Structure formats: C-alpha cells, structure tokens
Amino acid sequence: MHSPAANRRTFNDNLRSAGAEIFRRMSSLLFEDLTGIKLDGADPPNNKFAATSLSHSLLLLVGLDVIQFRRNQQVAYRVVERARDAVKNINGVIEGISSTATPTDAQWDAFDTYHKGIDEVEDLLLKLADGTEDEAKRFLPEDGSTIAKWIEELKDWEKNRNTVCEIADGLATKDSVVKVFDPPQEDSAWKSEISKSTAEDDIAFLKDLLERITLRSTDVGAMRTSQKRKALVKSIEKVKAALLQLPTKLQPSDYKPSIGTVAVKYSFAILGVMTIVLDKTAANRDDTVYFQEKLVWEEAWLMVDHLVAGTDTYDAAAYDSTPAKSHATIAEHFQHFLDILTRSVGPEIPIEFWELMKLPGTIHRPYRARALALVQVCRDLVKIFRDQDKVKKSQFLNSLESALISTVEALKATSYNGDLRAVYDLNSYEGDAVITKYKEAQETLKTCVTDFEASDKWGDMEQAINDAKGTDCDTVELMNKRFEKTRSNIKIVTVTVDIKGGAGPQTKIVKVEETARLSALRYSVACLEAAQKDAVNKGTFQKKGDPASVFSLDKSMLDVFGENVSSGEVTLVIS
C-alpha cells in the first residue's frame, strides 16, 4: 500500500505531466469553474486544507478528462461539480473548527463527519478517475476498424457511462458525503438531475450518430449500382427512416434508459456496419460483402422496429410480416443482432422450409409425386446448407431462401376441387398453370444448387423429378381408364323427392346411380337438409300419390322406377 503522501505525489506528477499541453488547448474558465474550491473567492493556503489535498488533486485530474469528453458530458460535469462542492463544504467545516477559539463537544460530530466525508469522496473520485481517463480518449473507432472493434467501443461507451452514474449515485447515498452539505442534500432531487443529464447525453450522442449515418447512407447510395446494391440502399433507407424517429420518442422528461441506451448502441453498430460497407481496404473485405446481405438488414430492421415500438419485450409478428423469433427483452434482441454481425450464430433455416412439410398433404395426382420430388431437392439443399460454416451459410442464405419461396408458391398453386371421379386430361399436362409454376421452381432450385457449388448433384436431382413426373402421369392414366370404364356402365336417375312433415313441404332433386338403394337416396337428401338431417335419416319413402305404398330402403332405383328410366318421383315422409 502506498502512503497518502506517496499517492499525492503520484497524482501531482501526473497532473504536471499531463496538464501543460491540455491547459493550452482547453477552456481554462470551464476547468476552473469545474474544479475550483475557493472559499469566499480566495485561494486557501496550501497547508490549511491538507486533509482534502488528495481530493483536490483528483478533482483536477478528473476535470482535465471531463472537459475533453465528446459524449457523457453533462452527467460528468454534474458529478464533478457535486464532488467539488463536497470538497468545498468539507473545507468549510475545517475552517469553522479551526477558526473557533474554544471548540465544543458538539463540533466533534462535525469533525467525524468531514473526516469520513474525505474518505468517501476520495474513494469515489479514485473510481471515477479510472473511467474518465478512458472516456476522454474515446469517441468513434478509426476508419478501417473491424466490426469487433466497433462493438468493443460501444460496450466501452456503456461501461464508462455506467461508471459515472455509479459515482453520481454514491455522491447521493454515502452518508457522510450527504451530511457535509448544509442542509444535508437528500438524494431525490440529485438523482432526478442526474437522470435528466444522462438522458440529455444519450440523446445528444444518438443525434450525432444519426447525422453520421445519414452521411454514410448518401455515400452508399453513390456506390456503383447493381441489383444487390439497390436492395442494400433500399434497406438502409428503411432502417434510417425508422432511426430518425427515435430522438422525438426519447424525450428527457419521459426517458426509458433500457430503450435509450440500446438505441445508442444500435446506432453505433449500424454506423460501424455502414462504414465497413464503404471500406475499400482488404482488412474488412469479407465483412464488406457480408454486411450487404439481406440477412443483416432484415435483422437490422427488426431491431430498429423494436426500438421504435418503445417496449422492452417484442413480438415481431405484431410489427412486421417478416418471420422472426420473438425476444424476451430488448437487451437480448440487441445481443442477437450483434451475434448476427459477428457471425457468432449462423443464419437460421428460412421458415418456408417448415411449410414444405405441410403442403404435400394437400396435393393430388397428377402433381403429388412431382411435388414430393421438388420438396426432396429442398431438403437436400438444406442439408448442404447445414453442413457449411457460418460464413458460407451467410453467403448461401439468399439463394436458399429464393428456392424455398419459389417451391412453396408452386405447391400452393396446386388446387383440388374434391371430385374423386375427375378424369384429368394428360394432353394438356405440361402446359397447365400448375406445372408451369413447378418448372419455374425447378429452375430456381437448379440455380441454388449451382450457388451451393454442388452442380455435380443436379443430374440426380433432375432425374428424380423426371421419374416423379412419369409416376404421376402413369398413375393418372391408369385411373382415367378405370373411371371411363366405370362411367360407361353407369346410368344416372334424376329423382324428385317431395318431403312431407318436419319443417314443412319441400322438394329436392337428387341425381343417383340407378343401382343405388333408397337408403343412399335418403342419405343424399339428408345432406341437403342440414337443419333437419336427423329427422330425414329416420324418414320413410312412399310411392308418389299413394301413401299406402311404402318402399323398403333396400330397394334400388331400378326396383322403384324400372329399367331405362332416367327420372322418377317419390315422397319422403318425416316426423
């Protein structure tokens, strides 16, 4: 442990070595106002308040740092001012005791208070000095910095900000520090002032970052145009437009630190991403390409959308149609965004892949086998995707997503009318709208296979699709022949059914095969009469105009109407 005298010498040496140049460049008036401890306008003798000399040296060191701050300025000024006032008040107590001719027992309380106050102020200023020394050197990373450096810097901003706030809290809660003020200053007003100053600092830094983001977006817009660059510019403009809403939403009078600090860190990260996109050096070549990917800007949009919503928790579906996971807190959401930027997590499988599992169950011949073959190609592509490292996954993601979306759209284009006895015209098969969609999806899949550097696998995949086409057509052709054979042997009878009883007289016309039984006819009528279905299913058939002639339900249309009859009438009586 160094003695107080040794500590004091060290601080004074540091002060002399660091102060000369800074004094020439900084506002001496601001510095003196922040750190001056004059009593009644006069400088105290060097030896009169030796007990607080270390605190004063610390004030000078911290003051030199603080007047260089480019962020966290207001809260830092307030903290130094309060520490200065505490030292001045301690000196006032010392002055009061030393100038009293005959001290009283009551002044021992003041004696204890100021000595404890000195210890507490020194402890707080020593902790503050570490943070202010670092913060004085900080603002933004140099050009050419990696994304890891940008993230390190934004975390250092938050760490230094929190250090100043912790010291501010200590100046309001340390018992002896509070008591050196006359009257003792309670913490509520001071904490309110610190909260307001912190909010003002955060918002000021946010506005500075947004100005730089706006300039960067103009530079990106001026880059050589391509489809990818156009999409990038559009994404940046969308994110920027949302970001520019934040200063009006983050007012000091209603400031939410959990939202505000993340807004600053997010803007810091976005500025870093845009700076790297514009970086033409080799140092960031991979990230320059990666940060133009759709994945990055989709995540960027979801994050800024969360910030604009102004809520700690976030459900992506409530704000945007883009599929995404919900995050428990805004802090977790931001960490996920940083993980995407650093590729600490690989991109997730597009949600369309899971939809492919559900759609084939709704697809009929002559499309089913072909649809399954397309789905299998998608599954093979996802397997290739999963086997890649995070960098490759990021490069492959857009192509995979396009292939999956195209396949989903093709499968959704397949409609089914529910007619189990339909005969499909295979002559128009290759030209129908559904197969056209399937062919488009197949071409997109082929492109994806090429993008995945797996062209050697496409031959087998294409053969499987062609085999599936053959299976569909062969199966449907067999069914068509069977349907035609059955249809040639079936005769249809149109039956007019007069319903009596129940809800009142009604007439239903039903078409049935001539070999169908009356029980089947009754069931068909019941399906048409949903409101009294149960009653109809208990009804009995009579010959038209002859109530005494009741038909047995096992009789067929042939039994009731005779051969070669295309229509007939019966009465259905229900209760």
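## Strand β3 and its sheet

In this predicted model, strand β3 is joined to strand β4 (residues 546–551) by 3 bridges, and the two run antiparallel. A hairpin is formed by β3 and β4, with 2 residues between them. G545 lies in that turn and has a positive phi of about 80°.

Strand β3 (residues 540–543) also pairs with strand β5 (residues 567–573), again in the antiparallel sense, over 4 bridges. Two residue pairs illustrate this contact: T540 has V573 of β5 as its bridge partner, and F541 has L572 of β5.

| Pair | Sense | Bridges |
|---|---|---|
| β3 and β4 | antiparallel | 3 bridges |
| β3 and β5 | antiparallel | 4 bridges |

In general, the strands of a sheet pair through backbone hydrogen bonds, either parallel or antiparallel.

These strands belong to an open sheet of 5 strands, in the order β2-β1-β5-β3-β4, and the pairing across the sheet is mixed. Its edge strands are β2 (506–513) and β4, each of which pairs on one side only. On average, neighbouring strands of the sheet are turned by 40° against each other, with direction ignored.

A helix accompanies the sheet. Helix α21 (residues 518–528) lies across β1 (492–500), β2, β3, β4 and β5. The direction of α21 is at about 130° to β2.

Terms used. Residues are numbered from 1 along each chain as its sequence is written. This is a predicted model: local features need pLDDT of at least 70, side-chain atom pairs count only at pLDDT 80 or more; totals for chains, interfaces and linings use all residues. Side-chain values use heavy atoms; hydrogens and water are left out. Two strands pair if DSSP finds at least two bridges between them. Axes are lines fitted to C-alpha atoms, for helices over the stretch in contact, and angles run from 0 to 180 degrees between N-to-C directions. Contact means heavy atoms within 4.5 Å.
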